[in-house]
Amino acid sequence: MAQTEVLLTKPPAPQTVPPCALPPKEYEVACNTGAHTSSGLATAGFRTAKYLEDEWFQNCYARYHQAFADRDMSERQRHESRQLAAETEARAVRTQQDSTRQVGARLQDTHGWKSELQHQVEALITETDELLAQKQRLERALDATALPFSLAMDSLQCRERRQHPDLVRDGVERELLKEAELIRNIQELLKRTVLQAAEQARLNREHKAICERDWSDKVEAYNLDEACARYHSQSPEAQLHPHSAVLEESASTPETWAQFTRDNLLRAERERQASANLRALIDAILRDAAEDLRLQSDAVNVAFTRRCEELEDARQKLQHHLHKTLREITDQEQQVAALKQAIKDKEAPLRVAQTRLYLRSQRPNVELCRDAAQSRLLCEVEELNLSLAALRAKLQEAEQALRNLEDTRMALEKDIAVKTNSLFIDRQKCMVHRTRYPSVLQLAGYQ
């Protein structure tokens with residue numbers, strides 16, 4: 001009882017003091033069992049249980065205390081509610097501002113990666129165009145090598161029509177074979193390089209498409225984040241989406257997000273560098289191929305010129321020998337005619353001497369004397385026979401020499417004809433056709 005009065009006399013706690021929970025208070029109800037209770041026989045028939053005065057006061061005090069406790073609890077609840085509302089409002093504002101800053105930072109990161117991707121896509125487009133231009137140079141250079149190869153093979157086939165003994169494996173043929181082999185090797189190299197350039201262009205387009213997809217995704221994400229950055233608490237477009245706060249299992253982390261774009265850029269840059277290196281290689285191949293072909297063409301032309309000079313010199317010498325041979329044939333023919341005339345001239349004296357011997361052999365008896373005249377006639381006949389034999393032998397030698405000269409003339413004329421044919425093939429056929437040899441610009445693929 002005293003405790004209840006003490007509680008009621010205390011003033012209520014000020015609102016500045018932080019409220020605290022009060023321990024629950026339990027009250028005991030007194031029973032009518034004492035000396036002054038109404039449970040005696042005198043009260044029988046009026047009531048069976050009445051509250052005592054102290055019980056009445058206790059009940060009032062309990063109601064007072066309960067009202068005070070409820071008001072105090074309500075005040076504390078109102079204070080805590082206002083404080084919680086202010087705190088949540090401030091927290092919501094801070095959270096929204098921080099989210100806006102994070103979205104802005106994300107926009108900056110996305111814009112940076114987007115710019116790098118766009119720059120890489122433009123660089124790949126430029127690199128691919130330049131690589132395709134180099135590929136066109138390769139194709140033009142490959143087409144340009146068809147004419148030199150055709151000229152070399154035509155020259156070899158034309159020179160097969162040379163006649164014996166000019167059908168030789170000379171320096172020109174060796175240079176032509178070397179040129180044909182060089183052109184075949186260059187054509188194979190150009191074909192392989194064309195395929196390599198086409199494959200590299202495909203890789204460039206593939207990585208450009210990857211970067212473009214990444215760039216497109218980042219543009220879409222940038223637009224979405226930019227729209228998110230414009231939202232605020234007063235935005236009428238903002239709506240509730242209860243299920244949007246669920247974290248997607250397939251979502252990337254900032255590290256994997258950045259690493260994905262970084263890998264795409266790294267691979268694209270690697271392919272772009274490989275394409276640039278291939279372009280430099282193509283330029284060097286075309287330059288070296290054009291230089292090698294022109295050097296070999298000059299070597300073939302020098303060999304043709306040297307061979308034509310040799311043929312011309314040989315033909316002139318043959319013609320000189322033919323001229324001398326013809327003159328010698330003429331002289332020899334005259335000599336044969338002179339020998340025949342000399343033999344013919346010796347026949348008359350021989351007939352005279354033999355006739356004399358024949359007539360003197362018919363002298364009778366002792367008149368058939370071996371006198372000086374007879375001896376002289378015999379000597380004359382012998383001398384004439386020896387002279388005729390010598391002239392006939394010399395005539396045979398002269399006729400054999402004339403036949404040899406005729407054979408030599410025919411051989412010289414045939415050899416001159418062969419040399420003339422060889423000169424015609426080398427000079428009029430091969431060298432004239434080789435004037436259509438492509439220029440260095442055509443062999444390098446510029447035309």
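**Briefing: an all-helix predicted model**

Leu293 sits in helix 5, and it's a handy way into this predicted model. Overall, the protein has seven helices and zero strands; helices here are DSSP runs of H or I with at least four residues, strands are E runs of at least two, and numbering starts at the N terminus.

Some ground rules: residues are numbered from 1 along each chain as its sequence is written, and side-chain values use heavy atoms, with hydrogens and water left out. Since this is a prediction, local features need pLDDT of at least 70 and side-chain atom pairs count only at pLDDT 80 or more, while totals for chains, interfaces and linings use all residues.

**Overall layout**
- Read along the sequence, the pattern is α-α-α-α-α-α-α.
- Of the 447 residues in the protein, 29% are buried.
- Among contacts (heavy atoms within 4.5 Å) with a separation of 6 or more, 88% are between residues 24 or more positions apart.

**Helix 3**
- Helix 3 covers residues 146-159, so 14 residues, and reaches 20 Å from first C-alpha to last, close to the 20 Å expected at 1.5 Å a residue (the expected span is 1.5 Å times one less than the number of residues).
- Its buried residues are Pro148, Leu151, Ala152, Ser155, Leu156, Cys158 and Arg159.
- Looking down the axis of helix 3, those buried residues fall within an arc of 165°, so they line one face of the helix; the arc is taken from the directions from the helix axis to the C-beta atoms.

**The cavity**
- A search of the whole structure turns up one cavity of 30 Å³ or more. A cavity is a set of points, on a 1 Å grid over the protein atoms alone, where a 1.4 Å probe fits but cannot get out, and lining residues have an atom within 4 Å of a point.
- The lining is made of Leu151, Asp154, Ser155, Cys158, Lys429, Cys430 and His433.
- Helix 3 gives the most to this lining, with four residues, and helix 3 and helix 6 each supply at least two.

**Buried spots in other helices**
- Back to Leu293: beyond its neighbours within four places in sequence, it is in contact with Thr145, Leu182, Ile183, Ile186, Tyr437 and Leu443.
- The C-alpha atoms of Leu293 and Thr145 are separated by 8.9 Å, though the two are 148 residues apart along the chain.
- Cys308 is also in helix 5, and at 3% relative accessibility it counts as buried.
- Cys308 touches Leu423, Asp426, Arg427 and Met431, neighbours within four places left aside; its C-alpha is 6.9 Å from that of Asp426, 118 residues away along the chain.
- Asp214, in helix 4, is buried too, at 4% relative accessibility.
- Leaving out neighbours within four places, Asp214 is in contact with Leu117, Phe260, Thr261 and Asn264.

**A cis bond to look at**
- His164 and Pro165 are joined by a cis peptide bond, with omega about 10°.
- Pro165 lies in the loop between helix 3 and helix 4.
- For background, most peptide bonds are trans.

Notes:
Buried < 20%, exposed > 50% of the residue type's maximum accessible area, 1.4 Å probe, protein only. 1 Å grid on protein atoms, 1.4 Å probe; cavity = no way out; pocket = protein on both sides within 12 Å on 5 of 7 lines; lining within 4 Å. Points joined across faces, edges and corners; volume = space filled by probe spheres on them.
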